[in-house]
Amino acid sequence: MAEIKRIKRGLDIPLKGAPSSSMAIDNQTSTFAICPDDFPGPVWKAVVKPGDKVAAGDSLFKDKATGLIRLTSPVAGTVAEIRRGERRHIQFISISKESESEASLQIPSSPQQVKEAMLASGLWAMMRQRPFDIVPDPESNPRDIFVTAFDSAPLAGDLLDDSLCPYLEKGLKALASLTKGKVYLGVRPGSGISSSAAEVVEFEGPHPAGNVGTQIAAIKPVNKGETVWTLDSATAARLGILCEKGIIDFHTVVALTGPCVSDPHLVRTLVGASVSTLLSGNLNRQDDIRIISGNVLTGQRIDKEGFLHFPYRQITVIEEGAHADEFMGWASLNPAKYSVKRSFPAFLRGLSKPFDFDARIKGGHRAMILSGEYDKVFPFDIYPEYLIKAIMAGDIDKMEKLGIYEVAPEDFALPEFVDTSKIELQKIVREGLDNLRKELS
């Protein structure tokens with residue numbers, strides 16, 4: 001029987017626009033893109049140029065340090081554009097799809113071949129290493145590997161669709177061969193998922209129960225000098241397909257969500273798909289909207305011509321709120337306004353009823369106040385406010401003592417949401433992890 005972990009501190013944000021269980025098949029998208037910034041850690045180098053022909057599974061990027069880690073094309077076609085930003089930094093490589101084809105590799109039969117296949121296929125880059133929340137070093141030896149099988153973020157869909165479920169166990173067995181420790185699989189209560197290759201742990205409670213960082217903290221926290229790898233169950237199932245059929249599966253199920261989506265539902269497409277095609281005919285308004293690749297807490301803001309970003313499983317569309325005009329402004333007692341502190345009478349109607357959020361901050365930036373508000377939604381056994389202050393001060397000793405090795409930016413998404421001071425906590429944590437890695441390297 002699976003062990004049960006109960007997460008008591010957290011928050012489920014009641015946002016309108018939850019997806020239905022209906023599934024659509026995307027056969028219209030003709031342009032796909034891979035964004036190297038979605039995969040932190042390595043310094044990426046493009047190995048193609050505009051006009052090159054690529055097959056599905058061909059390399060688009062490789063890491064400069066070792067040349068082993070690859071980011072690969074999800075489709076067969078022609079390299080349409082290499083978009084560069086400031087100082088010629090590559091923002092994405094887009095590919096115009098020309099044919100339906102599957103990418104294949106030799107079926108791996110040993111741990112070393114599994115690692116080589118993951119590196120060559122691009123699946124390696126879909127894992128993360130703690131500490132630092134980066135793509136794992138191929139030479140590192142993980143203490144344990146943690147796989148999460150559900151997403152508790154606002155409006156998130158299921159991680160595993162029917163096509164991937166049969167291959168999860170095969171992927172977990174392959175992962176188990178890469179560590180001398182254990183593979184832990186975090187699932188919802190009553191999911192029915194079992195495994196002989198991994199230790200299954202059930203998590204119940206509010207978001208961030210589905211975050212792999214929360215699961216690590218509840219099972220076996222990361223200490224200084226230790227390394228663990230993390231990934232979601234969809235990536236583990238793709239590894240299972242690779243180990244059983246020798247095929248690199250780039251399919252993903254994307255949840256189109258949010259109050260500005262006319263019919264929230266699931267779409268089966270390929271990683272890196274064009275967002276404009278996925279949202280075509282699915283918006284109930286065209287202006288004053290914010291399109292987010294991901295969920296409202298950790299996703300990336302993109303424009304209408306943008307692409308699906310890693311982890312390739314959700315698009316959320318909400319109002320921008322730039323033209324909002326309400327009576328008495330912030331002092332309004334409108335029952336449709338949400339507050340975690342019961343500042344508005346909305347709690348009288350019940351906070352489980354969905355709210356129509358927009359992208360406004362609704363307040364100005366101010367100094368950090370040690371009020372303990374982070375602790376109410378932060379399930380780790382550390383002091384988040386003091387850790388943030390240590391990161392901002394650049395005090396490495398205090399950062400280490402306060403648990404910097406355990407956390408990733410996504411773990412501070414809820415504290416950022418409830419923060420009265422409107423501080424960009426996720427950005428601070430990302431910069432702190434990057435600076436710490438530079439100091440220790």
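**Loops, sheet and core**

I began with Pro-131, which sits in the loop between β11 and β12 (helices, H or I of at least four residues, and strands, E of at least two, are DSSP runs numbered from the N terminus). A cis peptide bond links Arg-130 to Pro-131, with omega about 10 degrees.

Before going on, I noted that this is a predicted model, where local features need pLDDT of at least 70, side-chain atom pairs count only at pLDDT 80 or more, and totals for chains, interfaces and linings use all residues. Residues are numbered from 1 along each chain as its sequence is written, and side-chain values use heavy atoms, with hydrogens and water left out.

Next I followed Arg-130 into the sheet: its bridge partner in β15 is Val-228. β11 and β15 (residues 228-232) pair in the antiparallel sense over three bridges; two strands pair if DSSP finds at least two bridges between them.

Which order do the six strands of the open sheet have? I read β1-β14-β13-β12-β15-β11, with mixed pairing. β1 (3-6) and β11 (128-130) stand at the edges with a single partner strand each, so one side of each has no neighbour in the sheet. From one strand to the next, the twist averages 25 degrees.

α4 touches β12 and β15 (contact means heavy atoms within 4.5 Å), and its direction makes about 90 degrees with that of β15. Axes are lines fitted to C-alpha atoms, for helices over the stretch in contact, and angles run from 0 to 180 degrees between N-to-C directions.

α4 (residues 233-245) also packs with α2 (residues 168-176), at about 90 degrees and with axes 7 Å apart. The two helices are therefore roughly perpendicular, a label that covers 65 to 115 degrees. Among the α2 residues meeting α4 are Ala-174 and Leu-175.

Leu-175 came up again in the largest nonpolar core, which has 76 residues; Leu-175 and Ile-315 have the most contacts inside it. Such a core is a set of buried Ala, Val, Leu, Ile, Met, Phe, Trp, Tyr and Cys residues joined through side-chain atoms within 4.5 Å, buried being under 20% relative accessible area, exposed over 50% and partly exposed in between (1.4 Å probe, protein chains only). α4 gives this core its largest share, seven residues.

Last, I checked Arg-88, in the loop between β8 (76-84) and β9 (90-99). Its phi is near 60 degrees, a positive value in a residue other than glycine. Arg-88 counts as exposed, at 57% relative accessibility.

Methods:
Parallel < 35°, antiparallel > 145°, perpendicular 65-115°, else oblique.
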